[in-house]
Amino acid sequence: MDKNILVLPGDGIGPEIMEAGLLVLDKIASTFNHQFTIDKGLIGGHAIDEENDPLPNETLLKAKNSDAVLLGAVGGPKWDNNPSHLRPERGLLAIRKGLDLYANLRPVKGFKQLLDASPLKPDVVGGSDLLIVRELTGGLYFGRPSERRDNDQTVVDTLSYTRKEMKRIIVKGFESAQLRNKKLTSVDKANVLESSKMWREIVEAEKVNFPDVTVEHVLVDACAMKLITAPTSFDVIVTENMFGDILSDEASVLTGSLGMLPSASLAENGVGLYEPAHGSAPDIANQNIANPMAMILSIAMMLRYSFAMNDEAHAIETAVEKVIDQGYHTGDLKVKHGTKLSTSDMAEMIVQAI
Ligand code: NAI
Ligand code: MG
């Protein structure tokens, strides 16, 4: 198959982990006989430096015309004191909005060789393997009004969703559960919020279309607790924007390092943006020590969700697991045994394992 991919390396460790990821993608192309055409674009700090814009129009246009977008990470101390419209993270929000990426998928897996890298007890995290499906373009972060009133004595934010916006993310949750272990946990605050009551109604109505999926409703506060005390009880979690933001960061500690966590952000028309869950890690940039596995696993997600290349995605995931099982790791993973590798050697090891 021929696919056009827009690659946005970004800032900090972005370019290093992207280079590592593209080695793996090359290996997939040759092994499975695909043609991936790569175009590169600017986003974040580099785009501010060169175009005075964190998301140049040209980048958004290229993204809209490609089959998928791969992003490294953006940001760094160089731009921290810029005015808000010239912050690298603006580029990220703008591309999510510009491509209407309403569904954010974050798988979290506790690899057994890395259990001692987690702050939680190995027998609690061991075997955890869950997917958080978070709504990304609505809710409290985008609702208007969002303003100060009464001479700065009152403040208001707005949690607003249309029925349609809720339905599409809930359906994505059901579909994701169908592709995994067929258990869906819908997270809300239906004992307090009207928006959550509507959310729950929609989940109940959609249930009949997915008879093979078991559904449970869990309140967000209880879910936060259960993620730490019983992470293995989850398969797919579906929730609105802010709850998902908080729960996905909480869930990230299960694996022991941000460097293991991929993500996908999907639009209704099939376009997807794939990026590691971590940031640009400026503290370790340009040293060839960053963990490339979150980037590499994000590429596997691209193959699965945007290109329906399930065998190819699986080949990458098994290779990563195999390399970890052999005791190889990067410096961010505080494990007691095994061999520490550089960014490029880790990529090479995964390429060989495919
Ligand atoms: P960060 O995720 O970049 O780093 C947090 C810690 O984890 C650091 O100690 C870093 O060295 C380590 N780390 C992260 N990814 C790693 C990897 N692949 N391998 C090894 N170690 C890794 O978050 P931080 O430090 O809060 O933010 C740094 C910059 O990144 C900021 O400018 C922030 O705004 C930006 N950022 C960008 C995001 C994105 O592009 N999606 C997301 C989060 C932050
Ligand atoms: Mg967050």
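Author: Let us begin with one residue and its contacts. Two residues are in contact if their C-beta atoms, placed from the backbone, lie within 7 Å. Leaving aside neighbours within four places in sequence, S298 is in contact with P262, S263, Y274, E275 and P276. This is a predicted model, in which local features need pLDDT of at least 70, side-chain atom pairs count only at pLDDT 80 or more, and totals for chains, interfaces and linings use all residues. Residues are numbered from 1 along each chain as its sequence is written, while chains are lettered from A and ligands numbered from 1 in the order in which they are written.

Reader: Is S298 buried or exposed, and in which helix is S298 found?

Author: A residue is buried if 20 or more other C-beta atoms lie within 10 Å of its own, exposed if 12 or fewer, and partly exposed in between. S298 has 25 such atoms within 10 Å and is therefore buried. S298 belongs to helix α10; helices (H or I, at least four residues) and strands (E, at least two) are DSSP runs, numbered from the N terminus.

Reader: Which residues of the largest nonpolar core touch the most other members?

Author: In soluble globular proteins, nonpolar side chains tend to be buried together. A nonpolar core is a set of buried Ala, Val, Leu, Ile, Met, Phe, Trp, Tyr and Cys residues joined through C-beta atoms within 7 Å. Here the largest one has 102 residues, and L70, I296, I299, I316 and I350 touch the most other members. Helix α10 (residues 293-305) gives this core its largest share, 11 residues. Beyond four places in sequence, L70 touches residues including I5, V7, Y274, I299 and M302.

Reader: How is the protein divided into domains?

Author: Domain bounds come from an automatic or database domain assignment. The protein comprises domain 1 (1-107 + 258-354) and domain 2 (119-255). Contacts between them involve 16 residues of domain 1 and 15 residues of domain 2. On the domain 1 side, α4 (88-98) and β4 (103-109) each give two or more residues, and β4 provides the largest share, 5 residues. The C-alpha centres of the two domains lie 24 Å apart.

Reader: At what angle do the axes of α6 and α7 cross?

Author: Axes are lines fitted to C-alpha atoms, for helices over the stretch in contact, and angles run from 0 to 180 degrees between N-to-C directions. The axes of α6 (residues 163-179) and α7 (residues 194-206) come within 10 Å and cross at roughly 50 degrees.
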